[in-house]
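Let's take a walk through this protein together. Have a look at the sequence and the 3D picture first, then read on.

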Amino acid sequence: MLEPGSVIPARLLTPVTPAAAGAVPVPVPDPERLVHLQFRRFAGCPVCHLHLRSVVRRHAEIEAAGIREVVLFHSSAEELRTHTAGFPFAVVADPRQRLYREFGVESSPRSLLDPRAWGPVLWAIVRSAVEVVRGRERLPAPRQPAGRLGLPADLLIGPDGRVVAAKYGEHVYDQWSVDELLRLASAARNCVGTRGAPA
């Protein structure tokens with residue numbers, strides 16, 4: 001797990017949704033703005049999509065706050081394209097979980113066994129079932145090579161590559177809300193100049 005203040009190496013991530021990302025690799029860190037790096041579970045995960053719908057609804061607000069959204073899934077690019085085509089932010093496939101391991105993102109049975117997850121899981125399944133029946137979503141693949149027990153993680157990364165804030169979820173629906181993300185970004189702007197130099 002990375003702590004605030006950790007420095008990550010610069011890299012380019014290739015999105016599976018080129019229309020949303022401008023068909024170019026996404027720099028992490030981004031020299032011009034904060035990066036919210038989200039580690040989600042598998043393509044079509046109802047709980048992941050429940051949360052990501054809130055991010056989609058408020059994406060303009062997130063961008064206006066100087067934040068670039070980058071969302072990783074441990075699924076193949078082909079599978080992700082069928083579930084994330086309309087997302088307005090970069091979605092990255094990491095089927096071998098290379099970045100998950102590098103950033104200390106774990107899997108655990110507690111992802112679904114924690115009672116705090118049961119309400120969101122039930123609501124996500126109901127919502128997803130309705131959307132599948134309406135033809136707006138597809139069911140996830142029955143077999144998930146990287147499993148179904150992943151835990152979410154959120155990292156806010158400054159332009160200089162330093163981790164500004166980090167959250168490693170204790171259950172499947174334990175992540176920052178959009179309001180929490182915006183508060184963290186506001187606090188980061190008070191500490192960091194526009195190009196990553198100390199203010």
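## A glycine in a loop

Glycine 147 sits in the loop that links H7 and strand E6 (153-157). Helices (H or I, at least four residues) and strands (E, at least two) are DSSP runs, numbered from the N terminus. Glycine 147 counts as partly exposed because its relative accessibility is 24%. Here, buried means under 20% relative accessible area, exposed means over 50%, and partly exposed is in between (1.4 Å probe, protein chains only).

A quick word on the model: it is predicted, so local features need pLDDT of at least 70 and side-chain atom pairs count only at pLDDT 80 or more, while totals for chains, interfaces and linings use all residues. Residues are numbered from 1 along each chain as its sequence is written, and side-chain values use heavy atoms, with hydrogens and water left out.

## The sheet

Now for the strands. Five of them form an open sheet with mixed pairing, in the order E5-E4-E3-E6-E7. E5 and strand E7 (163-168) are at the edges with a single partner strand each, so one side of each has no neighbour in the sheet. On average, neighbouring strands are turned by 15 degrees against each other, direction ignored; the axes are lines fitted to C-alpha atoms (for helices over the stretch in contact), with angles from 0 to 180 degrees between N-to-C directions.

Two strands pair if DSSP finds at least two bridges between them. Strand E3 (residues 34-39) pairs with E4 in the parallel sense over 6 bridges, and leucine 34 has isoleucine 67 as its bridge partner in E4. E4 also runs parallel to strand E5 (residues 90-93), joined by 4 bridges. Among these partners in E5, valine 70 has alanine 90 and valine 71 has valine 91.

## A covered strand

How many residues of strand E4 (residues 67-73) are buried? The count is 7 of 7. Ile67, Glu69, Val71 and Phe73 point one way, while Arg68, Val70 and Leu72 point the other way. In a regular strand, side chains alternate between the two faces of the sheet.

E4 also belongs to a right-handed β-α-β unit with helix H4 (residues 77-84) and E5. Right-handed means that, with the strands pointing away from the viewer, the path from the first strand over the helix to the second runs clockwise.

## An exposed leucine

Leucine 122 is found in helix H7 (residues 115-133). Leucine 122 counts as exposed because its relative accessibility is 56%.
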